[in-house]
Amino acid sequence: MLTRAVSPFLFGFGFSERQLDLYERAIEAAVALPDAELEAESRNYLAAVYFRMGRLTDALATLQAVIRIAERENLPRLVGTALTNLAMLHSRLGQYSEAIASAEAAAEVRLDSVPPSLQFKLESTIGLVHTQAGNYAQALAANRRGLEVARRIGSLRTVAIMMGELGLVHLHMGHLTVATALLRRALALKRDSVNQYGAAETLSKLGTAYRLHGRIADAITCQRAARDQMERVADVSGQCLTANDLALTLRAAGREDEAAWLSKEAYAKASRIGDRYEQARALAGLGRMDEAVALFTSLGARDLSALTR
């Protein structure tokens with residue numbers, strides 16, 4: 001179907017407004033036919049667009065609608081996909097116990113055979129949740145399983161995503177040489193597979209690795225480019241991430257005024273969309289450490305050093 005065919009292209013370039021129009025039209029057509037499976041699948045794509053735009057409440061309501069339709073129509077693949085997306089949404093909101101529960105529910109959906117794409121998405125989501133929660137051993141295990149699935153799929157895009165996630169976990173664990181190598185490889189693959197959002201995220205974290213190596217000038221170059229690219233793809237949470245990362249690097253360079261401005265921007269955007277993880281990081285950047293720690297621990301996050309990494 002058209003929506004499935006063009007979605008990777010639009011997501012890669014961040015064309016959120018065009019996606020909204022496409023999926024809203026697909027939903028209208030599905031309701032008119034009627035075609036419940038098309039409606040559920042189109043709503044699932046629409047939720048992903050809302051997620052990228054920072055419209056997290058809309059994404060939550062849309063995914064709940066997908067699950068209702070898919071359960072009513074006995075569409076287990078879509079139930080599993082929507083529950084996996086719901087886990088990712090809960091993770092973005094800093095609701096880690098809910099995220100893990102949704103991922104576990106997705107894993108329990110009975111399918112005659114689990115499509116590799118769904119298995120990949122499930123493992124990558126579980127890895128992401130555990131990374132943000134500071135459960136690095138579980139994150140490594142899930143991301144390694146995800147990388148195995150990605151290699152079976154044979155897609156540059158999926159391999160690049162998992163290499164980036166593994167690089168991020170090693171970065172959090174202080175394995176800077178391994179992290180830098182993985183992030184560089186992931187960045188090259190994401191650029192080759194036209195994943196502009198993913199490339200911006202990885203470039204920002206590569207800058208963090210350079211900062212921790214003491215390569216401040218290289219870190220600033222990477223993170224300014226990442227921030228500009230994230231603005232172009234219009235992912236609000238990604239804009240918070242890149243602003244927080246660059247603020248930490250500028251602060252390390254002694255450029256406190258510019259760093260404080262970026263932390264304020266990240267805090268305002270993260271507060272608006274409900275991204276509590278990046279909100280906590282921004283509070284730390286603003287020197288409001290007691291508030292940052294209180295918010296971070298309320299999420300169930302275990303590694304307080306992630307606030308300043």
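Let me start with Ala234, which is partly exposed at a relative accessible area of 33%, where partly exposed lies between buried, under 20% relative accessible area, and exposed, over 50%, computed with a 1.4 Å probe on protein chains only. This is a predicted model, in which local features need pLDDT of at least 70 and side-chain atom pairs count only at pLDDT 80 or more, while totals for chains, interfaces and linings use all residues. Residues are numbered from 1 along each chain as its sequence is written, and side-chain values use heavy atoms, with hydrogens and water left out.

Ala234 is not a glycine, and yet its phi is positive, at about 65°; the residue sits in the loop that joins helix H12 (216-233) to helix H13 (236-252), helices here being DSSP runs of H or I with at least four residues, numbered from the N terminus.

Asn74 also has a positive phi, near 55°, and is a residue other than glycine. Its place is the loop between helix H4 (56-72) and helix H5 (76-92), and Asn74 counts as exposed because its relative accessibility is 63%.

Finally, is Ser204 buried or exposed? Ser204, which belongs to helix H11 (residues 196-213), counts as buried because its relative accessibility is 0%. Leaving aside residues up to four places away in sequence, Ser204 touches Gln223, Ala226, Leu241, Thr242 and Asp245, contact meaning heavy atoms within 4.5 Å.

Notes. Helices (H or I, at least four residues) and strands (E, at least two) are DSSP runs, numbered from the N terminus.
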